[in-house]
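Please keep the sequence and the structure in view while reading.

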Amino acid sequence: MTENMFDFSRTLAGEYLKGFSHIWESLDGLKEFLYALGGTLDDDYILQEEGVWVHKSARVAKSACLAPPCIVCAGAEVRTCAYVRGCVLIGMDCVVGNSTELKNAVLFDGVQVSHFNYVGDSILGFRSHLGAGAITSNVKSDKSPVEITFGGVRYKTGRKKLGALIGDYVEIGCNCVLNPATVIGRGTSVYPLLSLRGEYPADSIVKSAGEMIKRE
């Protein structure tokens, strides 16, 4: 199931992520992984402060905040007033936009979260895109542990916080809310202004929370 969602060659965290039976479990050790990975990076990465590595070709606005641990890969752009709260891997050629907030997340290469997005405790696959105002909600309203449906099987994660698992080439429309433990399969598009929860199959078009069609 995981291999059908993500091309693990498209992130520096590929081998790390593949080591878990359930990919969301990788979020627990992401902090330690990023510190260890940072120590192996070549001279093209600049250690801006303890725990923050930025590739020489990346562009980071002066008003952006990068909290450790954080790695910003080649060609990425972190724009005005972006807030990277720590435990974040920003892949090659990613765009982290105006006032976007990231926390405990892996962005595969080519991800775009360009305008007023929140991404927490989530994994975003290669070239996935969140439209303006789209967010990953990562805590249930009653604060109970999050359960997830993955591959049609229901799991108790034991986690208080779990955002979204978004496959490669996914398009999320503007102002969507992906409720805790939402799973979006590879190549799926989601219409704007939707509030989603649960699992959505690959290569689909989600028109509403209860209406989907197969992409032709």
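In what follows, Ala, Val, Leu, Ile, Met, Phe, Trp, Tyr, Cys and Pro count as nonpolar, Asp, Glu, Lys and Arg as charged, and the others, Gly among them, as polar. The model under discussion is predicted. With these classes, the residues that line the largest pocket divide into four nonpolar, two polar and four charged. The residues concerned are Lys-140, Val-146, Glu-147, Ile-148, Thr-149, Arg-154, Pro-180, Ala-181, Arg-197 and Gly-198. Strand E15, residues 146-150, gives the most to this lining, with four residues. The volume of the largest pocket is about 170 Å³.

Helix H3 comes next. Which residues of helix H3 (residues 30-38) are buried? They are Leu-30, Phe-33, Leu-34, Leu-37 and Gly-38. Viewed down the axis of H3, these buried residues fall within an arc of 130°, and therefore they line one face of the helix. The elements that cover them include helix H2 (14-18), strand E2 (52-55), E5, strand E8 (88-90) and strand E10 (101-107).

Strand E10 also holds Ala-105, a residue that counts as buried because its relative accessibility is 0%, under the 20% limit. Not counting residues up to four places away in sequence, Ala-105 touches Leu-30, Cys-87, Val-88, Leu-89, Val-119 and Ser-122. Ala-105 and Ala-164 are 59 residues apart along the chain, and their C-alpha atoms are separated by 9.7 Å.

Another alanine, Ala-76, occupies the loop between strand E5 (70-72) and strand E6 (77-78). Is Ala-76 buried or exposed? Ala-76 is buried, because its relative accessible area is 0% and the limit for a buried residue is 20%. Beyond residues up to four places away in sequence, Ala-76 touches Ala-58, Arg-59, Ile-90, Gly-91, Asp-93 and Cys-94. From its C-alpha atom to that of Met-92, 16 residues away along the chain, the separation is 5.4 Å.

The cysteines raise the matter of disulfides. A pair of cysteine sulfur atoms must lie within 2.5 Å to count as a disulfide, and by this rule the count comes to zero. With regard to accessibility, Cys-70 is buried at 0%, whereas Cys-81 is partly exposed at 42%.

Several backbone features deserve attention. Pro-68 and Pro-69 are joined by a cis peptide bond, with omega about -10°. Pro-69 lies in the loop between strand E4 (65-66) and E5. Ser-99 is not a glycine, yet its phi is positive, at about 60°. This serine lies in the loop between strand E9 (95-98) and E10, and at 34% relative accessibility Ser-99 counts as partly exposed. Asp-203 is placed in the loop between strand E23 (199-200) and strand E24 (204-208). With a relative accessible area of 37%, Asp-203 is partly exposed.

Ser-137 is found in the loop between strand E14 (135-136) and E15. Apart from residues up to four places away in sequence, Ser-137 touches Leu-162, Gly-163, Val-177, Leu-178, Asn-179 and Pro-180. Among these, Pro-180 is also one of the residues that line the largest pocket. Ser-137 and Leu-162 are 25 residues apart in sequence, and their C-alpha atoms are 8.0 Å apart in space.

Arg-127 is located in the loop between strand E12 (118-124) and strand E13 (129-130). How does its accessibility class follow? Arg-127 is exposed because its relative accessible area of 51% is over the 50% limit. Leaving aside neighbours within four places in sequence, Arg-127 is in contact with Asp-109, Gly-110, Val-111, Tyr-169 and Val-170. Arg-127 and Ser-195 are 68 residues apart in sequence and 22 Å apart in space, C-alpha to C-alpha.

Definitions and conventions
Residues are numbered from 1 along each chain as its sequence is written. This is a predicted model: local features need pLDDT of at least 70, side-chain atom pairs count only at pLDDT 80 or more; totals for chains, interfaces and linings use all residues. Side-chain values use heavy atoms; hydrogens and water are left out. Helices (H or I, at least four residues) and strands (E, at least two) are DSSP runs, numbered from the N terminus. Buried means under 20% relative accessible area, exposed over 50%, partly exposed in between (1.4 Å probe, protein chains only). Contact means heavy atoms within 4.5 Å. On a 1 Å grid over the protein atoms alone, a cavity is a set of points where a 1.4 Å probe fits but cannot get out, and a pocket is an open set with protein on both sides within 12 Å along at least five of seven lines; lining residues have an atom within 4 Å of a point. Grid points are joined across faces, edges and corners, and a volume is the space filled by probe spheres set on the points. The arc is that of the directions from the helix axis to the C-beta atoms.
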